[in-house]
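Student: Hi! Could you walk me through this structure?
Tutor: Happy to, here it comes.

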Amino acid sequence: MKVQLKLIASYRDFLPPENEGKAEIDVPEGTTAVSILANLGIPIDESVVLVDGRSPNPGETLEEGNVVFAFHATAGG
């Protein structure tokens with residue numbers, strides 16, 4: 001299934017520069033926002049993570065078309 005990933009501020013560096021902090025990615029069912037970020041090497045404990053503009057519940061799995069936002073907690077978005 002496809003989800004959108006949007007990385008803000010310094011987190012944009014975790015994607016190739018030509019992506020400008022955005023990517024549509026294919027993930028298997030059962031994937032969580034946190035698992036996507038962890039696979040990219042993003043420090044989860046220092047991050048603000050939103051799914052479709054809200055904080056996901058722990059272990060909440062993504063659905064087709066979700067938009068995952070992430071930025072460093074001190075970046076302020």
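Student: How many aromatic pairs are there?
Tutor: The count comes to 1 aromatic pair, where rings of Phe, Tyr and Trp (its six-membered ring) pair if their centres lie within 6.5 Å. Y11 and F14 form this pair, with 5.7 Å centre to centre and 90 degrees between the planes, so it is edge-to-face. Planes over 60 degrees apart count as edge-to-face, under 30 as stacked and the rest as tilted.

Student: What should I know about the model itself?
Tutor: This is a predicted model: local features need pLDDT of at least 70, side-chain atom pairs count only at pLDDT 80 or more, and totals for chains, interfaces and linings use all residues. Residues are numbered from 1 along each chain as its sequence is written, and side-chain values use heavy atoms, leaving out hydrogens and water.

Student: New topic: where is V3?
Tutor: V3 is in strand β1, residues 2-7; strands (E, at least two residues) are DSSP runs, numbered from the N terminus. V3 counts as buried because its relative accessibility is 1%.

Student: Which strand does β1 pair with over 5 bridges?
Tutor: With β2, in the antiparallel sense; two strands pair if DSSP finds at least two bridges between them. One of the bridges joins L5 to A23 in β2.

How values were computed: Helices (H or I, at least four residues) and strands (E, at least two) are DSSP runs, numbered from the N terminus. Buried means under 20% relative accessible area, exposed over 50%, partly exposed in between (1.4 Å probe, protein chains only).
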